Structures are given as structure tokens and as C-alpha cells.
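This report describes the chain shown below, from its overall make-up to selected side-chain contacts.

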Amino acid sequence: MTILMTIVVILIIIIVGLLWYNVTIHKKIEAFNNLNQKIINLNVLQDFMTTIGEVSTVDEKIKRINEILIEKYDIKYSTIVVFNGAEYQIKASNVDSKHWDSLRRLQEVEIFKDSISTATPKYVTVNDDKERLPYQQMEFGRAKSAIFFPLYIDNVYIGYWIIESGVPHDFDNIDTTIFEVIRENIITVLKTTVHQKTLESIVRKDLFTGLYSAEYLYGEGKKLIDRHTMSTICMFRITNLEEINQKFCRELGNRVITEVAEFVKENISKEYIFVRYMGPRFVIAFSGVEINDVARFLNDIKQQIEELVIKLDDKNELEEENLEEETKSKKKTKSKKKLVMEASPKLNFVISTYYKGTGIEELLKRLEEYIDNASKDESEINNI
């Protein structure tokens, strides 16, 4: 009997020990999974930040972010929709475009309105293949379950992110905390691109020269420049433009601007970016070219431009009174003369090296400050 009791006690101890061991292993596995998930989340966030730096336009950034989500988290379908102030636009999606019309109207679906107003995710699913999700109109086989995440920036609703699966109840036991983190990462990226999107939308072409405005350099232009590790940025100013406007007229000043711009445009490679920065200032981005080579080229360009004589015929004919000598009646007649105005532009150049990934706006600000404060008599190619 004593032996039997001893065996039972030993077995109980073993069972308790195994239970404790299993619990410990389970906690370690859980801790490992949590750590592994955190590592994945950090990697994804790192990929997000890398994308912001490497990809140029806002739309390209959002599309790349969506691709990262699909790849890292094994999501079947992922769609990001953003309100642009006028309408809802699908910024990124791996769903066939024939379904986009219904996906961009989810804010109108009754089941998602409460989710938007409370800023909470909404999970929807079907029980069998014969049913369809509330927002689906004509499609049946594509999605059988989905989670809708409203997106807010500083408490302002800006759109939504929706993930979908072709399996009913596929998200029943999923940890939505992970997706909440992803949503916050999406919002972070959208916040960082708001300013850039504004710049992209206000890029215009100058009326007189047909050149892009300065804002082009901060978006699409920077993408082209950053194809090279190092480039040379040049800013030049027509230093006597104000004098021409005052001494003659603004029309002649405008003619000087257009002819200088046209001359530069015809004499530089199409690979380089040439914009009208502001007023009498222009910027040329010599992508991938070293500063010494640019300086030699600009010396030639400067000399040729300053040799130009730009003329303007006055549209208003000047009238003078003359007495006709041939007649005794002393009748007054009017003879007409055209006033021809002409001027030669004077230019001041400043150049600097730009390195990929650095702030081009800070470099341009420095060039602008230098060239605006320089003497109007300065005529060298200055490197700062």
C-alpha cells in the first residue's frame, strides 16, 4: 500500500511537473511569437520609412506601402482609399480594377457608417458561398470576409483601409492588434506625404517661358535628380531685369526673360532640369555632373547670353506734328515713328553640389540668399 501511494505521489509530481513545463513552454512560445511579431512590425515600419525616402511621388509611396502589407502579412486583398477633398480615390489596391467602383464607395454603406463615426474597425463575413458581403453588388467569388479600418489624421477622417479574404470567417480568430499597428503606420506615412502632395498639386508651368515652377524640384524633379549620387545645382539671376523694366517697359523685361530661358533651354541637355525659380531667378539641375564641368559650361553660356541684344518694337506709335513745306496753307499733318527699345541681359550664377537623399530645399534657399545679396556688378561663377 505504501509503495502504491509512493508511486501515485511520484506520478502526481511528474504530472504537475509536466503541466508546469508545458505552461512554461507555452509562455516562451507566446513570448517568442510576440517578439517575432514585434520584429516583423519593426521591419515593416522600416520598409515604410525606406519607401518614403526612396520613392518619389506620393501615389507611388502609397502603392509600395500596400505591396509591403500584402507581402509581409500574407493578406489576400488590400485596398487604401483616401478622400482628396473632392472625392474618394483608390490610392492602392491589388483588387481587379473592375471592382474599384464599389470599393471607393464604402463610406456610403450603412454597415460601415458607424465604424467611421466611432473610428473603430468593422469585421464582416458570410457563412456560405451563396452569400455576399454587404458592400458587394455584382461579385460573389472574390471576397467572403473583410475588415474595414477608418483612417484619421489629427481626428480628421481622411479615408479607409480594407483587407479582404476569399474564405468565410477567415479573420474570426485573428489578433486585430497587429492590424491596428499597421493602420497607424499607414496613417504615419500619409501624414508625412501630405505636404509633398500639396507641392505636387501646385506645380505649374510659367506663362512666359513654358518652364515648370520651383515646386517641380521637390517632387518629380527630385526623383529624376536622385537617380544619381551627386549632382550640381545652379541658380542664376538676371541682375538687370528690374532696371530694364524701369528704364524701358515691362514688355521688354518679359521679352528678356523668355529669350534668356529659350537660349538656355536650347543649349542644355534634356536630361537636365531647368525651372523658373521665382521672378528673375532660374535653376538648372545638372544631374550626375561634377561641379567643375558645370562651371566651365556656364562660363560659355553666360558670355553668349550677355552678348544678346534683345529688341522690342513699341506698339504705340509716336505722333509728331510737322508743317508741310510744300503747301502754303500751313496745314498740320502727322508723321509716325516706331520706337525700338533694346537691352542686353546681365547674369549672375551660383552653383553648389547636391547629394542624393539630402534636403534640396535647404540648398536652394542657401543659393537664393547668396544670389539676392550679391552685388549687381558680380559676374563670376560662384561655388558655395
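A nonpolar patch, as the term is used here, joins nonpolar side chains (Val, Leu, Ile, Met, Phe, Trp, Tyr) within 5 Å, taken from residues with over 30% relative accessible area and no salt bridge. In this predicted model, such a surface patch is formed by Ile3, Ile7, Ile10, Leu11, Ile14, Ile15 and Leu19, which together have about 670 Å² of accessible area.

Ile10, one of the patch residues, belongs to helix α1, which spans residues 2-54. With a relative accessible area of 43%, Ile10 is partly exposed.

## Overall composition

The protein chain contains 10 helices and 15 strands. Of its 384 residues, 40% are buried.

Among contacts in the chain with a separation of 6 or more, 64% are between residues 24 or more positions apart.

## A buried loop residue

Ile75 is located in the loop between α2 (58-73) and β1 (77-83). The residue is buried, at a relative accessible area of 7%. Leaving aside residues up to four places away in sequence, Ile75 touches Leu69, Ile70, Trp161, Ile163 and Phe179.

Ile75 and Glu164 are 89 residues apart along the chain, yet a distance of 7.4 Å separates their C-alpha atoms.

## Aromatic pairs and charges over rings

A pair of aromatic rings is described by the distance of the centres and the angle of the planes. The count of aromatic pairs comes to 18. One of these is the tilted pair of Tyr88 and Tyr157, with 6.4 Å from centre to centre and 50° between the planes. This pair links distant parts of the chain, since Tyr88 lies in strand β2 (residues 88-93) and Tyr157 in strand β5 (residues 156-165), 69 residues apart. Tyr88 is buried, having a relative accessible area of 17%. Both tyrosines also belong to a cluster in which ring pairs link Phe83, Tyr88, Phe112, Tyr135, Phe148, Tyr152, Tyr157 and Tyr160.

Charged side chains are also found over aromatic rings. The charged end of Arg142 sits over the ring of Tyr77, at 5.0 Å from its centre. Likewise, the charged end of Lys205 sits over the ring of Tyr212, at 5.1 Å from its centre.

## Salt bridges

The structure holds 14 salt bridges. In one of them, the side chains of Glu67 and Arg64 meet at 3.3 Å, N to O. These two residues are separated by about one helical turn, because they are three residues apart in helix α2. Both are partly exposed: Glu67 has a relative accessible area of 44%, and Arg64 has 33%.

The salt bridge between the side chains of Lys222 and Asp226 has an N to O distance of 2.8 Å. Here Lys222 counts as buried at 19% relative accessibility, because the limit for that class is under 20%. Asp226 is buried as well, with a relative accessible area of 13%.

A salt bridge also joins Arg281 and Asp372, whose closest N and O atoms are 2.9 Å apart. Arg281 lies in strand β9 (residues 281-286) and Asp372 in helix α10 (residues 360-373), so this pair ties together parts that are 91 residues apart in sequence. Arg281 is buried, at a relative accessible area of 11%, whereas Asp372 is partly exposed at 32% relative accessibility. Elsewhere, salt bridges that share partners join Asp101, Arg104, Arg105 and Glu108 into one network.

Technical notes: Residues numbered from 1 in each chain as written. Predicted model: local features only at pLDDT ≥ 70, side-chain atom pairs only at ≥ 80, totals over all residues. Heavy atoms only, no water. Patch = residues over 30% accessible without salt bridge, like charges linked within 9 Å, V, L, I, M, F, W, Y side chains within 5 Å. Areas by Shrake-Rupley, 256 points an atom, 1.4 Å probe, with all protein chains shown as cover. Salt bridge = Lys/Arg side-chain N within 4 Å of Asp/Glu carboxyl O. Helix = DSSP H or I, 4+ residues; strand = E, 2+ residues; numbered from the N terminus. Buried < 20%, exposed > 50% of the residue type's maximum accessible area, 1.4 Å probe, protein only. Phe/Tyr/Trp six-rings, centres within 6.5 Å; stacked < 30°, edge-to-face > 60°. Lys NZ or Arg CZ within 6 Å of the ring centre and 35° of its normal. Contact = heavy atoms within 4.5 Å.
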